[in-house]
Amino acid sequence: MKKFYISLLGSALLSIIILGWLIDAFSQQTHQPQDTFHSQTQMIKGFTKQLSVLPADKRENAIKQLEQDFNVQLEYRSTQALALPHSLLSQITMPTGLILEDQQGYYLLYSEQALGSHHLKMRLEKAHLHEQGNDVLLTLLFYAGLCVFMGFIIAPLAKRLSILNDAAQRFAKGDLATRIKPSHFTYIKDVELTFNRMANQIEKLLDENKLMASSLSHDIRTPVACLRFGLEAAQDCTNEEKRLEYLSRMEQDLDQMESMLKSYLAFATLEQKANKLTFSESDLESYLLSLIQQVHPKLEQRSLRISHDIKQGHICADLDWLARAIVNLLSNACDFARCEIVLSASYNQGFVTIKVEDDGPGVHKKNWGKIFSPFFQEQSHRNRDGESYGLGLAIVAKVADWHHGTVSVSKSLSLGGACFTLSIQNKSL
């Protein structure tokens, strides 16, 4: 919107300057008193020549006669009585005379050497209505031109607002794929991009909610069926020891359901925490080494080796959520690695790129775009184990998105297994 305000103000000032200059130039061409009163100037010259041949005592009577004969207003006055600067007084003897204006209108002053220290003053008649008409016309032209200039500036804004309104209405009616195509000729590009980000976020949340509801309804059937079977078996069983065994299994199924519901509900409320990120700065190498220590018991349990290649530097992010994402990647690598894991980190154009590679079976290429979706797991070798519900990598993807970054999976060139690449924007405090 700042671009719009600057353009609007600049266009208003530019239009006023250009229109004012054009109207002033037009007014100067049309407003030429000397040409307008050319006939009166020639007339007063003739009167002056007639008076110059008459004695001074007869000039007053001659002036009265001229007023009656030519229906004009003439006065014969002393030039010294004029309160005018010398530069204007000198124009009285010029061929065009001196035209002045007072409350009654225009009047012409003229003198020749033959009149001595006196001059003639003649009241001039001008079509004032015509002048007023020109002023009104020029005023209307000024405002009309200003409206054209402002309309030229505001028209693109109105068009883009109309496009934004149409997109919002289509989105409200359920067309979640509606997006605004950004244009270079727009003042509200930030608003349009914000609308697109909002639409993407809403569509993603709705898709995740649908997926979560579908997955939960599917996954909860197994423990519910087990509970029903165990309850029926316990009711029919007469052996007390066997009945206690059924009840113990039912308790395990209840624990599994509780764990499942906690995981699903935690993921459902995860997006609310995006607005509560706390950014802080840390040394990258010491930070990542501390995360390796967190998964060290799992590495020892599975007899895995881990090596690292970390570039020197600092990282600025929400270190708690980023740690959870990296630990998820390391824990995931521990689950499927055979012998070795490699952790590397580097800097590239304001981003920090962290890679976690393992020598396990890897991820099938057809699933590279699906593996970060909630509740997705490969059925071939990445089956559910314990309390895993396919949310670990989905959380990694969310953390990457919160940090304006990306996460992807590929095949490790050095180890042959999976290679997870997490790239986040390295903010500065």
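Me: Why does Phe 149 count as partly exposed?

Reply: The general idea is a scale of relative accessible area, on which buried means under 20%, exposed means over 50% and partly exposed lies in between (1.4 Å probe, protein chains only). Phe 149 has a relative accessibility of 30%, and therefore counts as partly exposed; this residue belongs to helix α6, residues 128-172. Helices (H or I, at least four residues) and strands (E, at least two) are DSSP runs, numbered from the N terminus.

Me: What should I keep in mind about the model itself?

Reply: This is a predicted model, in which local features need pLDDT of at least 70 and side-chain atom pairs count only at pLDDT 80 or more, while totals for chains, interfaces and linings use all residues. Residues are numbered from 1 along each chain as its sequence is written, and side-chain values use heavy atoms, with hydrogens and water left out.

Me: In what order do the four strands of the open sheet lie?

Reply: Strands of a sheet pair through backbone hydrogen bonds, either parallel or antiparallel. Here the order is β1-β4-β3-β2, with antiparallel pairing, where two strands pair if DSSP finds at least two bridges between them. At the edges stand β1 (74-78) and β2 (98-102), each of which pairs on one side only, and from one strand to the next the twist averages 30°. Between β1 and β4 (residues 118-124), which run antiparallel, there are five bridges; Ser 78 has His 118 as its bridge partner in β4.

Me: Which strands does helix α3 touch as it packs on the sheet?

Reply: Helix α3 (residues 38-52) touches β1, β3 (105-110) and β4, contact meaning heavy atoms within 4.5 Å. The direction of α3 makes about 145° with that of β4, where axes are lines fitted to C-alpha atoms, for helices over the stretch in contact, and angles run from 0 to 180 degrees between N-to-C directions. Helix α4 (residues 59-70) lies across β1 and β4, and runs at about 155° to β1.

Me: Is Pro 374 buried or exposed?

Reply: Pro 374 is buried, because its relative accessible area is 9%. This proline sits in the loop between β9 (351-358) and α13 (392-402), and its C-alpha is 9.6 Å from that of Ala 397, although the two residues are 23 apart in sequence.

Me: How many residues of α13 are buried?

Reply: Eight of the eleven residues in α13 are buried, so that the helix is mostly covered; among them are Leu 393, Ile 395, Lys 398 and Trp 402. Just after this helix, His 404 adopts a positive phi of about 55°.
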